[in-house]
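Got a structure open and wondering where its labels come from?

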Amino acid sequence: MARSARPVVHYMATRPDGTVPPTCEHLARYAHEHGETVPTVNLADHIGQVIDHPSPGQKWYTDKPFGYFHMYTRPGEILERIEDGWPIRLFVVEPLGETGNWGDDFAPYWLMSHQIRVVEETRAWQAFGHRGEQVLAVLAQLPDLARQWATEWAADPEDTRRTYAKWEERVADTRALTDWAHWRARYSRRSAGLATAIQLAGDAAAQAATDAGAEPHAVAPIRLRARCLVAGQLMFDRIRTGEYEQSIRALLLGAGLDTPAPVPA
């Protein structure tokens, strides 16, 4: 007996208040600058209901700031088009009526429609991909970790600088972040989740290290460490076969540095 195909789930992300962001941020900004109101709809107010688009545009062009419902079958890519980034709320929806795409080769995980059924609200961490829970846990730890790293640097600046320099050189030589994490995220449809996680990690670590009094020359390596750490956590299940791949994963998680990286679940 043939195995049944896994049902396709369609996701839509909203702002924290439940409203759908525009499908084109640039057109929305232009509209706001000229005193125009950009329509939206609050998915949280319509759980279990069918809703029509409030201002449908051409099928399927970006001719309006908000011209269609834009949903994803791969939640790890959702954050690529969210105007304010994380945090978001995530909903499962069902497209109804005619649907479209900008071309399967361009974005096969996108779908557009002018009518949807709002099925339920679901766990927002999925927007980072398969390991979103672990990513959020690391992001929550990063301010404390960055302050700890800054304290260690201040206690022994020369030795810590040399340790980080060796690690940074290895990260650059192997392209652990720019190639390994990047391409594995792309293949597993987590590119937007990875990009957002890296940005959040770098910003949080840099701010915490600066607040802790770290010298400017120490902040950049600490920021890189945080970015690598969150990338290693997000892609932990995709960089793991073979001795060399395991060394790349360990490098992202901070191998060779003084403080052990959090162990993923």
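Below are some questions and answers on this predicted model.

Q: What makes the largest pocket a pocket, and what is its volume?
A: Its volume is about 570 Å³. A pocket is an open set of points, whereas in a cavity the probe fits but cannot get out, so the open kind gets the name pocket.

Q: Which residues are the closest to its centre?
A: Of the 17 lining residues, those are Arg6, Tyr11, Thr73, Arg74 and Pro75.

Q: Which way do the side chains of strand S3 point, and are they buried or exposed?
A: Phe69 and Met71 point one way, His70 and Tyr72 the other, and all are buried. Buried means under 20% relative accessible area, so each of the four falls below that cut-off. In a regular strand, side chains alternate between the two faces of the sheet.

Q: Why do S3 and S5 count as paired?
A: Pairing takes at least two bridges, and S3 and S5 have four, so they qualify, in the antiparallel sense. Within S5, Trp110 is the bridge partner of Tyr72.

Q: How many helices and strands does the protein chain have?
A: Seven helices and five strands. Along the sequence they run β-α-β-β-β-β-α-α-α-α-α-α.

Definitions and conventions
Residues numbered from 1 in each chain as written. Predicted model: local features only at pLDDT ≥ 70, side-chain atom pairs only at ≥ 80, totals over all residues. Heavy atoms only, no water. 1 Å grid on protein atoms, 1.4 Å probe; cavity = no way out; pocket = protein on both sides within 12 Å on 5 of 7 lines; lining within 4 Å. Points joined across faces, edges and corners; volume = space filled by probe spheres on them. Buried < 20%, exposed > 50% of the residue type's maximum accessible area, 1.4 Å probe, protein only.
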